[in-house]
Amino acid sequence: MYGAAAMATPALLDDATESQPYPYATPEQPKELSDRDLHFLSLYTGERDLDKLRAHVFAIWRSVKDTLWVYRCIQEFMFLQPRINMHPFYPQAKADMLADNSKRILDIGCCFGQDTRCLMLDGIPQSSISATDITQQYWDFGKQLFMDADKLHVETAWGSFTEPEYIQSGPLSPLKGKCAFAWAGAVLHVLTADDVSAFIAHVHAMLGPSGVFFGTCVGQDPPGEWADTPTGKGKRYLHREDTLEALFKQAGYSKVSISRDTDLGILERQEEISTFGKHKIILIFAATK
Ligand SMILES: C[S@@+](CC[C@H](N)C(=O)[O-])C[C@H]1O[C@@H](n2cnc3c(N)ncnc32)[C@H](O)[C@@H]1O
């Protein structure tokens, strides 16, 4: 399934400068939520009263806004929809994990944990999933959001995936060289150039033989620095297919597939790239160790 050829998509242009502060102020009021927006949450929680769910989501959104960095995908409620099941490699990963419970997946940059819950709904045992993020608080809000604190037993670990110590001796280090899959949805584009390289190399270290790292990120053509990182230390770096592929190869991956999203399914849920400035693109990648 994976290996879709890169497809051309029209460049998105505006007059934004090469590198800039994060251009999205968090609005005071949340945007409207349609019944469709609430579908996954309703399915997962079993709560059919959508007005009740809507109020629940708004209350959590306000608490997050008051306490944490509000990524664009949080501003826009993109965390209500899984991304992983829209990736072209997902059907194969899912089939492999359903056939063999010993195959482990890492959800890196899990945030609220909608992709972890999607895996669970698809029948992947919780014992096969590890979720990790630099910030634990999103996950804690996720437990409120998905109302599953009492039944969630997924292994979790908190720390920066770009830090060598986190990989060498952190809580996930026993899994080094043993993971069948690693997933990172909308994570690489929040990192600096050096951190993207470190992230990709660290995922390689976590994967077992023939393990696959798959995910999506915002890219740019031509590639280059963009807005400040959430920490304010350095600028985010946005790759293009060729520069991202070179990094994967440099890190030792044997087979790499990267395509531009031309399907509004993933694109529309990533970040609102038409307002991102410059030539923003969405990259869909899968790389085999
Ligand atoms: C734009 S959000 C995407 C979240 C989620 N994967 C999704 O698809 O909605 C980026 C996530 O990456 C996490 N993150 C940022 N830097 C990280 C790092 N160095 N190590 C691990 N996670 C990181 C953030 O805390 C945040 O949860």
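Which residues of strand 2 are buried on one side, and which on the other? Let's explore this predicted model one close-up at a time.

**View 1. Strand 2 is covered on both faces.** Here is the answer to our opening question: Ile129, Ala131 and Asp133 are buried on one side, while Ser130 and Thr132 are buried on the other. In a regular strand, side chains alternate between the two faces of the sheet. Strand 2 spans residues 129-133, and five of its five residues are buried, so the rest of the structure largely encloses this strand.

**View 2. Strand 2 pairs with strand 1 and with strand 3.** Look for strand 1, residues 105-108, running parallel to strand 2 and joined to it by four bridges. Strand 3, residues 155-158, also pairs with strand 2 in the parallel sense, again over four bridges. Ser130 is a handy landmark here: Leu106 stands opposite Ser130, and the bridge partner of Ser130 in strand 3 is Glu155.

**View 3. Strand 2 takes part in two β-α-β units.** Follow the chain from strand 1 through helix 5, residues 114-121, to strand 2, and you have traced a right-handed β-α-β unit. Now carry on from strand 2 through helix 6, residues 136-146, to strand 3: these elements also make a right-handed β-α-β unit.

**View 4. Helix 5 is largely enclosed by the rest of the structure.** Seven of the eight residues of helix 5 are buried, so the helix is largely enclosed. Those buried residues are Gln114, Asp115, Thr116, Arg117, Cys118, Leu119 and Met120. What covers them? Among the covering elements are helix 1, strand 1, strand 2, helix 6 and strand 4. Just after helix 5, you can find Gly123, which takes a positive phi of about 95°.

**View 5. A shell of 19 residues lies around the ligand.** Gly109, Cys111, Ile134, Phe161 and Gly185 come nearest to the ligand.

**View 6. The largest nonpolar core has 72 residues.** Ile105, Ile108, Ala182 and Trp183 have the most contacts inside this core. Strand 9, residues 280-288, gives the core its largest share, seven residues. Zoom in on Ala182: leaving aside neighbours within four places in sequence, Ala182 is in contact with Leu106, Ile108, Val203, Met206, Leu207 and Phe213.

How values were computed
Residues numbered from 1 in each chain as written. Predicted model: local features only at pLDDT ≥ 70, side-chain atom pairs only at ≥ 80, totals over all residues. Buried ≥ 20, exposed ≤ 12 C-beta atoms within 10 Å, placed from the backbone. Pairing = 2+ DSSP bridges. Right-handed = clockwise from strand over helix to strand, strands pointing away. Near = placed C-beta within 6 Å. Contact = placed C-beta atoms within 7 Å. Core = buried A, V, L, I, M, F, W, Y, C linked by C-beta atoms within 7 Å.
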